[in-house]
Amino acid sequence: MRKKTTKTPGSFSAPKTSGSTKTPRSFLARIIPGLTSLTRRGPSGWMVTLGIAIVLGLVVMTAVSPFVVPHDPILYHGPLRSPPSLEFPMGTTDLGQDMLSRVMMGGLIMLQVAALSVFICFLIGVPLGLFSSYVGGNFDKTVSLVIDAVYAFPGLVLAIAIAAVLGSGVINMAISIAVVYIPSYYRIVRSQVLSIKELTYVEAARSIGAKWHTVLYRYIFPNVVPSIVTVLTVNFADAVLTAAGLTFIGLGVSVDVPDWGYDLTNGRKLLTSGAWWVITFPGIMIILLALGFTFIGEGLSELLNPKLER
Amino acid sequence: MGLRSYVITRIILTIPTLLLLLTAVFLVMRVLPGDPAALHFEKKGDPADVERLRQILGMDKPLWQQYINYIGGLVDIGYLRQHGYPNLGKSMYQTSEEVGGQVFSAFPATLELAIYATIIASVLGIMLGVASSKSYGKTPDHLIRNFGTITYAIPVFFLGLIFQLIFGVYLGWLPTGQRISNVAPPTTITGLYTIDSILQGNIIAFVESVRALLLPSLTLGIVLSGVFLRLTRANMLETLRLEFVTAARARGLQESTVTYGYALRNAFLPVLTMMGLQFAMLLGGAVLTETTFSWPGLGKYMVDRINFRDYTAIQGAVVMFGLFVTLVSLTVDVLCAYLDPRIRL
Amino acid sequence: MPLLKIDSLDVEYRTNRGRIRAVEDVSFSLEKGEVLGLAGESGSGKSTLGLSIIRLVPSPGVIVRGSIEIDGTDIVKLPEDKMRLLRGGKVAYIFQDPMTSLNPVKKVGAHFVEMMQTHEPDLEKKVAIERTEKILKDLRIPSERIDDYPHQFSGGMRQRIMIGLAIALNPDLVIADEPTTALDVIVQAKILDLLASLRDRYGMGLILISHDLSIILERCDKIIVMYGGSMVEYAPNAELHKNPIHPYTQALLQSIPNIELSEQKLSAIPGSPPNMLNPPKGCSFGPRCPYAKEQCRMKPSLIDVGNDHFVRCFATGESAEVE
Amino acid sequence: MLETIILSDVLLLERVQKLSEIVRVENLKKYFPVQKSVLEQLLSRKKSYVKAVDNLTFSIRKKEIFTLAGESGCGKTTTGRVLLRLTEPTSGGIYFKGEDITRLKGERLRLLRRKMQVIFQDPYASLNPRMRVGDAIGHPLEIHGLARQEEKTKAVLEVLAKVGLTPPEQFIDLYPLHLSGGQRQRVALARSIILKPEFMVADEPVSMIDVSLRTTIIDLLLSFRNELGLTYLFVTHDLAVAKYISDRIAIMYLGKIVEIGTKQEIFSTPMHPYTQALLSAIPVPDPERKRKAMELKGEVPSAINVPTGCRFHPRCPFAEKKCITEEAELLPVTPTHSVACHQK
């Protein structure tokens, strides 16, 4: 059977071997060719770099903040509802707590919840997707039906319902978020495996007598990894936003820990008094964190998706 | 396969999905917590009170029987005829109240918000998406893409709060809560204030309801437009590369014809399908928007009831959200089939 | 005045990874009624050259030098709105894959009507439909299928529809870019016959672009052989077949099987086509050429060897002797 | 060259046929069920099928290049895949060196894979993009536990040199991304010969390769026949290539063989009207020769609704009443040449 010859002007044969390709590569660089030379790959590379910088910056800030904050974020009580000043660069809350200290420390819960939920999603979604799509048949049909039903459901509503039943706490929040996002992993892995399964090189693997787990492990999985990496980073952003949403509704962790989401809820009550600083700074932090992950995800998907490359 | 048989198939396929969804809700709300009645009292209640609540809500029966009652209530046409809403059981918080009735009276507010937000999001998203794809790799494209990325990262309630702060508190132009203020709401016909007020020729109520709608629907619409923009852009880029687009240009057609009649017309179908799926996301955002703007819709109802640990009410709201999403995705799929000549074989 | 006259044309793709010179120093001319064959492998620049003639080289492609004159007008400098009316009007283009060249959500007839009304704004719809029906009938497509959608047609039929669209406004020049590559042999022969008969009837100029030298040799009056973006040889068909001078043309002719010959030894061309991001210095065929010398590290120019025969090779006379 | 002459000696071949047969296919069928929507499944129980391969019988002799030729959708590729058990046959028998392999499973099927190999059409799709050239070529050895580490590397370098990728050390650590189409096809070839197979299905191995590189791939295939004693089933739509490479050719139309014979018989005395039409449509690279393609009515019908009787009759210029009702059987006209046509 004849295929049409592809005819994209500008797509010529790849550059011939250069010395660098022969040097042994690190594991990560093997998964994502070219991660090592990100910024040389145009705007997408810059996006990834910027995203990594933002996320790393926020993580470091959260990690060192307990040692460097000017005031105790919970116990210190200064002037009430003071606008930003030299002493309190981000103002104070209605209880007189220092916003700067709260902002610096307030990412801890969100980061924990996001990381944990992404971990759970990855641990369940990826193997399930791999297995289900490779095995096929009724098992695949059933799992897909269930997963699709969950996927079609409003994620936040579901997370709220689960969180309402489970009660507060980092783990419970992470679980309720994970339930919502497992379908994304499952679906992307499954659709990728299904399309890769039809490719000739998988057929070639079968024709040399490879067993099914060899095919799955050596031929299919390595080619699914780029999509998983993309989903993972985007999912980080989703998890951060969902966690913020849950906290905003009042399903977050206790009030004894500074938290950006909690400050937004609190700030809502102070809105009519014009205390903009109580919501603005934590809000910007949430945006930054989500933006960092989105940048990484978007940049990676552009880098790894040859379809859009011209 | 003809269009009609496609529609019939699609409706038949909705039944198992719905059943699955209802079962999932049942599992989460009734089975997962173990004993929702005890949970309502935060496990500190008087055993007699708990037992009484169980009896009223039928939670003293075995689970399978509860399940049958739950599904049976939903398909009880007689009840629906009599009350005008399905049987979703009684509220835990106030056992005299029917959850179905409360959910149904809160729903129009959510529907109205969702409709306007969808309009804003799709108009903005598609326009920007087309503009972005047409200037691929150039400055406008970068700007629009960054707009999309940033809106994606903004928590919807934060944007809502900022809008309230600017337009409500500082400028005082627009109300920051409720569906209508200063005047009495229009008499209920559809439950959508903007429609009802027009139907009754009540201009003042119309203006007031639009003023109230403006901030919440803009908030939700802008946040969602980022997603729609990205979908449109990606699909447009793919379609613009297809041979029939070049072929159309090679026939001397005007660039606007090529963009809209050829590229967008074909890119629109996958975008519409994805929009159907994203509607679920919009509803999630609606819950937060309603909370932010004290918008008395389904989402706010649900969040309010969380504070009372009213699990039957939460369950009712979740079921209603599920039905809504299912209905929308059904409509979108049928619409897509109608728009795609390849399905009309 | 020739119908089409191209003079020292250069086209580049300006990609992130560097500039790709896809077409380099191409000059030729075409009269009405003539069939010109553009032969070359993938990446030889033949499609880019074809698209340059209607100024639709996909971004980031740019015409950097040279002129393309159609009936004496240099289209490189033509304003876009004038250029647009030239496309489909005076110059028509037929694409490779008939399965994807029609708008899937538009009825076949609507393609015709839309195009006619774009070029003749005063044309009534009824007249346009009548004309469409006549064209379809000429192409042996039942005119009642005018309201069918593209997916309801087979590949061969769709390519006939594309040809119909191409000739709808009586163009002076038709460019057919691999018009039969996606089709089976029997359909291919029918499509090529159709193109030939249309040329006989309307007397337009035809440029046939193909990777298949057999088709080119069978169907064209003049032939340009492209390699690595430049035209390496340009000659009338019979002359090229009898007396190929460029080593690449010679090798190519010896590597295509001919079913009419009973015993044939095909010879291979060593090496690979050039990487256009990093093209070889000098003659692009140099690294694969059995006769390459020190001299070939410089760019050879197109040399007239008589009989309307042009070759881009330093060894114009010699290589023939080596043979 | 001598070999070709001997092989083409029809009479000699006849005599040694039984001894030298390596693959035999009997009444092979492959029907793909047509996907139906849920509603259609509910409404009717009748299933329809794409009859991709419909009752094929042929045999391939040792060291022979046997070609299946035809237009797209005629079932030639499916036949090759069924032969390799990459697709399960619907019915019929496939015998490899006398043994029926249609029921082989598990370990025994894996052992068979060592003997039967395949080379695919698209060199851009047939290599795992995340596997280095050396790993890809050595993987068959690993799978079958035939060689380890240094031994494996040595074998890989050896086949790399054999397929003309020299110096082999330079290629072993590259990813397919770094290779051109022609180079990739050589890597694919190296991977399939490293197990020293006896039989290979070559599915359009040159149709996606640039013209200037085709001959080198064809020459490699030919050289493996001599060096390794390989037998080929060559699948192609390009009769000119088929003529260059084959010993015997079978022409397929809508899942059936309509004509089978030696290369000389097919090209000098084609008997079936379809074969004649096909040959007349092939472009000839010679400006002096002006040929006229034979006119055929209509287009190839769908393999779901195969015409009654002779499946070529709706398009055949010579069709008679009998052709509409009776299927034409493949009958010999000479010991080596058979045609499925009522007119012969």
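**A chat about the predicted model**

User: Which residues does I160(A) touch, leaving aside those up to four places away in sequence?
Analyst: Not counting residues up to four places away in sequence, I160(A) touches L246(A), I249(A) and L251(A) in chain A, and V287(B) and M302(B) in chain B. Please keep in mind that this is a predicted model.

User: And which residues touch the most other members of the largest nonpolar core?
Analyst: I160(A) is one of them, together with A161(A) and V240(A). This core has 375 residues.

User: Which helix of chain A gives the most to this core?
Analyst: Helix α9 of chain A, residues 212-249, gives the most, with 18 residues. The core also draws at least three residues from each of the two domains of chain A, domain 1 (43-106 + 282-304) and domain 2 (109-257). As a general point, in soluble globular proteins nonpolar side chains tend to be buried together.

User: How many helices and strands does chain A have?
Analyst: Chain A has 11 helices and 0 strands. From the N terminus on, its order of elements is therefore written as α-α-α-α-α-α-α-α-α-α-α, on the rule that elements are numbered from that end.

User: What share of chain A counts as buried?
Analyst: Of its 310 residues, 49% count as buried. Regarding contacts in chain A between residues at least 6 apart in sequence, 69% join residues at least 24 apart.

User: Back to the domains. How far apart are the centres of domain 1 and domain 2 of chain A?
Analyst: Taken over C-alpha atoms, the centres of domain 1 and domain 2 of chain A are separated by 28 Å. At their contact, 13 residues of domain 1 meet 13 residues of domain 2.

User: Which elements supply the domain 1 side of that contact?
Analyst: α2 (42-68) and α11 of chain A each supply at least two residues of the side of domain 1 that touches domain 2. The largest share, 10 residues, comes from α11(A). By class, this side has 9 nonpolar, 4 polar and no charged residues.

User: Now the contact between chains A and B. How many residues does each chain give?
Analyst: The contact takes 42 residues from chain A and 43 residues from chain B. On the side of chain A, the elements that give two or more residues are α5 (137-152), α6 (155-166), α9, α10 (260-269) and α11 (276-304). Of these, α11(A) gives the most, with 10 residues. This side of chain A has 31 nonpolar, 8 polar and 3 charged residues.

User: What about the contact between chains D and C?
Analyst: This contact takes 34 residues from chain D and 35 residues from chain C. On the side of chain D, α8 (181-193), α9 (211-228), α10 (239-245) and α12 (273-281) each supply at least two residues. α9(D) provides the largest share, 7 residues. By class, the side of chain D has 18 nonpolar, 8 polar and 8 charged residues.

User: Is α8(D) mostly covered or mostly uncovered?
Analyst: α8(D) is mostly covered, with 12 of its 13 residues buried. Among the buried residues are R184(D), V187(D), L189(D) and I193(D). The buried residues of α8(D) pack against β6 (116-119), α6 (133-143), α7 (149-162), β7 (199-203) and α9 of chain D.

User: How far apart are the end C-alpha atoms of α8(D)?
Analyst: They are 19 Å apart. At 1.5 Å a residue, the 13 residues of α8(D) should span 18 Å, which agrees.

User: What is phi of N307(C)?
Analyst: Phi of N307(C) is near 55°, a positive value in a residue other than glycine. Most residues other than glycine have a negative phi. N307(C) lies in the loop between β11 (303-304) and β12 (310-311) of chain C.

Notes
Residues numbered from 1 in each chain as written. Chains lettered and ligands numbered in written order. Predicted model: local features only at pLDDT ≥ 70, side-chain atom pairs only at ≥ 80, totals over all residues. Core = buried A, V, L, I, M, F, W, Y, C linked by C-beta atoms within 7 Å. Buried ≥ 20, exposed ≤ 12 C-beta atoms within 10 Å, placed from the backbone. Helix = DSSP H or I, 4+ residues; strand = E, 2+ residues; numbered from the N terminus. Domains from an automatic or database assignment. Contact = placed C-beta atoms within 7 Å. Nonpolar A, V, L, I, M, F, W, Y, C, P; charged D, E, K, R; others polar. Expected span 1.5 Å × (residues − 1).
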